[in-house]
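Subject: Structure handover

Hello,

Here is the structure for you to look through. Please open it first, then read my notes below.

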Amino acid sequence: MRRQLEAHSRTRAMALAAELWSEGGLVGLYRPGLAATVGRELVYSGCAKGLYPTARALISGNAEPTLPQRVAAASATGFGGSVCANALDVVKIRQFAHPARYPSFVGAMRALV
């Protein structure tokens, strides 16, 4: 609970940003968790947006899909994308919370397994 309260503190966030800036400049602000963030977005978007036409066709068949069928297809592909990207979300959060403990994307993934 304490960590969540600290995370929402404006002064704490500004102090952390200033510390990261002094240590690594602009790249330092993005370095912890950047690979996991990009990888997660690629996996999630690939599943959610890439599989939507296939899911829509499976649900509606050859007919023009109705709104409920489109919603079902979007829900299914969004859910699938979230499931596939979950491990990368965990890595991202761990890298942001403990950058010294998880210095690399691969190291953080190995720690999960």
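Is Arg40 buried or exposed? Arg40 is buried, with a relative accessible area of 18%. Here, buried means under 20% relative accessible area, exposed means over 50%, and partly exposed lies in between (1.4 Å probe, protein chains only).

Before you go on, some ground rules. This is a predicted model, so local features need pLDDT of at least 70 and side-chain atom pairs count only at pLDDT 80 or more, while totals for chains, interfaces and linings use all residues. Residues are numbered from 1 along each chain as its sequence is written, and side-chain values use heavy atoms, with hydrogens and water left out.

The overall picture

The chain has six helices and zero strands. Along the sequence, the pattern reads α-α-α-α-α-α. Helices (H or I, at least four residues) and strands (E, at least two) are DSSP runs, numbered from the N terminus. The chain holds 113 residues, and 22% of them are buried. Take the contacts between residues at least 6 apart in sequence: 50% of these join residues at least 24 apart. Contact means heavy atoms within 4.5 Å.

Arg40 and its partners

Back to Arg40. This residue is found in helix 3. Leave aside its neighbours within four places in sequence, and Arg40 is in contact with Ala85, Leu88 and Asp89.

How many salt bridges does the structure hold? There are four. A salt bridge is a side-chain nitrogen of Lys or Arg within 4 Å of a carboxyl oxygen of Asp or Glu. As background, side chains of opposite charge can pair when their charged atoms come close.

Start with Arg40 and Asp89. Their side chains meet in a salt bridge, 2.7 Å from N to O. Arg40 lies in helix 3 and Asp89 in helix 5, so this pair ties together parts that are 49 residues apart in sequence. Both Arg40 and Asp89 are buried.

Arg40 also forms a salt bridge with Glu41, at 3.8 Å from N to O. Glu41 is partly exposed, with a relative accessible area of 41%.

Asp89 in turn forms a salt bridge with Lys92, where the closest N and O atoms are 3.7 Å apart. Asp89 and Lys92 are separated by about one helical turn, because they are three residues apart in helix 5. Lys92 is partly exposed, at 21% relative accessible area.

Arg40 has one more feature to look at. It lies over the face of Tyr44, at 4.9 Å from the ring centre. The rule is that NZ of Lys or CZ of Arg is within 6 Å of the ring centre and within 35 degrees of the ring normal.

The cysteines

How many disulfides are there? The count is zero. A disulfide is a covalent bond between the sulfur atoms of two cysteines. The cut-off used here is a pair of cysteine sulfur atoms within 2.5 Å. Cys47 is buried, with a relative accessible area of 17%. Cys84 counts as partly exposed, at 45%.

Helix 4

Helix 4 covers residues 52-60, and its buried residues are Tyr52, Ala55 and Ser60. They cover an arc of only 115° around the axis, which puts them on the same side of helix 4. That arc is taken from the directions from the helix axis to the C-beta atoms. What covers these buried residues includes helix 3 (34-50) and helix 5 (67-97). After helix 4 comes Gly61, whose phi is positive, near 70°.

A loop proline

Where is Pro99 found? Pro99 is in the loop between helix 5 and helix 6 (105-112). Pro99 is partly exposed, with a relative accessible area of 40%. Pro99 and Arg31 are 68 residues apart in sequence, yet 8.9 Å apart in space, C-alpha to C-alpha.

Best wishes
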